[in-house]
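Please read the following report alongside the sequence and the coordinates.

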Amino acid sequence: MDSRLEIRDPIHGFIYREPYERDLIDTRVYQRLRNLRQLALAHLVYLGATHTRFDHSLGAFHIAGKLGKVLVESESERRLIRLAALLHDIGHGPFSHVAEPILRAHSPKQLLEGKEESKIHELISADIILKNTELKEYLSDREREQIVGLLDGSFGHSYLHELVSGPIDADKQDYLLRDSHFSGVKYGIYDQERLANTLCVYDDNDDFVIAISIDGLHALEQFVLAKYYMTTQVYRHKIRLITDNMIERAIRLGIEADGIKWLKSLYAYDGSDEYIQEYLQWHDERLMTEILREKNTHAEDIFKRLRERRLFKCIFEADQNDFHDPWVRDFVFAGANDFHRSLESMIAKHFGFDANYVIAYTVTFASATKTESEIPVLHRTKTTVFHDESALFKSVDQKIREQHFHIYAPVEYRGDERKKSRQFREFKMVILQMIQKLANPQQELHLDRESES
Amino acid sequence: MRATDFLLCVIDASGGAIRGRTLLQKRAFFVSELTGIDAGLRFDAHYYGPYSTTVESAATQLQNLGFIQESNTGFGSVSGGFEVRRYDYSLTEDGVRLLVPLRGTREHQEIRNAISRMASAGDPNYVELSIAAKAYFLIKRKGGGMSVLELQKQAEKYNWSISPKSIEHAVNFLLSVDLASKA
């Protein structure tokens, strides 16, 4: 085997590439992924979490190749799956997922019609795959269309799509192991070999889907647990949520309050070739540097805080079970932006913060386990679904569905832990009353000393 | 109207419960078409017919917040050994409380009327409603009348298999609820 075609990877060992895959990886458009950190600013909590979309995409490509060997008969489809995994994150921009809500807010509505908020980078990925001149050198028009179709589910049988975008796809199979390794935690570890070898293709009413043999049930449980632990411990770590929200707020303020024109252009995706060309020039460090050059703006101030790790602090946290009144619960978790903005203003006014720097945020895990529950489990004589087979999954599923509500602000808790807890309780007490007031405007709001202490 | 409120009203107007995920999707589809209420549902062509991920996530959200509950019932195995399950949705006490102010709204009344029209048109089960939804989706996408043969051909493009007889039933339903006119 030609050693020039191998890459040594800390997660999977040697990753072998065909010559055309190596050439594709060596393009500028692909090498840009080296400058996008996989977990944005998670290294402010987990020191080692500086790995990139490039590393992860190669890992997903490697796993897709392994899965293809076991599950896909056609050589051309195996090739497509590897390429789709290789290119699945090509459309990510600076700080990856963090800026997706801003893209949605500032891009033409008709362009995003039918696309979920978290999927805009997939539209950009499709544009890059279809239009980028460097990629055109190595992939035919037909191949590029098929790759896009595989990624969005419009080409081929369902199981092919599921291998690159499904509940147990190559993407997740890589990022759990990789994020766990680089974060220095052991939560994302599962038996990847066993999982891959027990997956199979199942004919579900003329549609072919990914299923698992009963022998792999525990490997799948381990995978689901790994995802749950990584979600609660790393992806939804309190500091990580704060840094993500600070980035998003800084960009939003940079566009809406500071009027930074280049920033607005960067987040106004219009599907044009010019936009894509410009978009490809940006990565994490460039965005950080350029925003820090915009002196005396909100965006600069927040990015400076991020660079110096002077982070906002959590001043309120509650989950859905803390709100017994259904109207309040509905208001907090389904009331969306209007409620968030009103509450942010109220808090800012009461405590003397700049309202731009108060961030109300709903943390939801709803989508995390939804689709695993329906994975067919094949026995010798019958077929069931995963959530009926796994007692463990039910409790994880229940827990992961809980929604949380956080508020962040630029405060400094002072004194020992007891005093800090007291300050937090004071914030919480007052904010709870504000939430009640917003949900039930006819009620009187009393923010007296007694209730605050 | 928020998608979660829309769905609560659809379940309420259906007697407080809907049997099956497919029925929930298709009722939401036809109520949305009959009332013209904008709840941002966005139906796309899926294997099982017009399908909205917004309906799915709104149902999950309502379930997570304790406003509806999902229960499932097994119906034994079919050929190939797959166990068939049906997922039913019903309003909880908190869901009913949340509906109190919604019940006085124009949208709630329109949703009730739409469900009544569907009931008067034969109250199709999920399979019939699913075929009617596919047929309507194709006719609307073409922007006009289609023959049974044309409908069948178009359906194949989406991997939808519809027999001429079931198309006839579907068209009768669409005519009854005024969503189609005879060519």
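## Helix packing in chain A

In chain A, α4(A) and α9(A) are roughly perpendicular to each other, a label given to angles of 65 to 115 degrees, whereas angles under 35 degrees count as roughly parallel, those over 145 as roughly antiparallel and the rest as oblique. Helix α4 (residues 75-87) of chain A and helix α9 (residues 141-152) of chain A pack at about 75°, and their axes are 9 Å apart; the axes are lines fitted to C-alpha atoms, for helices over the stretch in contact, with angles running from 0 to 180 degrees between N-to-C directions. Helices (H or I, at least four residues) and strands (E, at least two) are DSSP runs, numbered from the N terminus.

On the α4(A) side the residues A:L80, A:I81, A:L83, A:A84 and A:L87 meet A:Q146, A:I147, A:L150 and A:L151 of α9(A), two residues being in contact if their C-beta atoms, placed from the backbone, lie within 7 Å. This contact of α4(A) with α9(A) divides into 8 nonpolar residues, 1 polar and no charged, where Ala, Val, Leu, Ile, Met, Phe, Trp, Tyr, Cys and Pro count as nonpolar, Asp, Glu, Lys and Arg as charged, and the others, Gly among them, as polar.

## Basis of the model

This is a predicted model, in which local features need pLDDT of at least 70 and side-chain atom pairs count only at pLDDT 80 or more, while totals for chains, interfaces and linings use all residues. Residues are numbered from 1 along each chain as its sequence is written, and chains are lettered from A and ligands numbered from 1 in the order in which they are written.

## Overall form of the chains

Chain A contains 24 helices and 9 strands. Its radius of gyration is 23 Å, close to the 22 Å that the globule rule gives for 453 residues, so chain A is as compact as a globular protein of that length; the radius is taken over C-alpha atoms, and the rule is 2.2 Å times the number of residues to the power 0.38. The C-alpha trace of chain A spans about 70 × 55 × 45 Å along its principal axes. Buried residues account for 42% of the 453 residues in chain A, a residue being buried if 20 or more other C-beta atoms lie within 10 Å of its own, exposed if 12 or fewer, and partly exposed in between, with C-beta atoms placed from the backbone.

Chain B has 8 helices and 5 strands, and its C-alpha trace spans about 50 × 45 × 25 Å along the principal axes. Of the 183 residues of chain B, 42% count as buried.

## Domains of chain B

Chain B is divided into domain 1 (1-120) and domain 2 (123-183), with bounds that come from an automatic or database domain assignment. The domain centres, taken over C-alpha atoms, are separated by 21 Å, and 16 residues of domain 1 of chain B are in contact with 12 residues of domain 2 of chain B. On the side of domain 1 of chain B that touches domain 2 of chain B, α2(B) gives the most, with 7 residues, and the residues of that side divide into 10 nonpolar, 3 polar and 3 charged.
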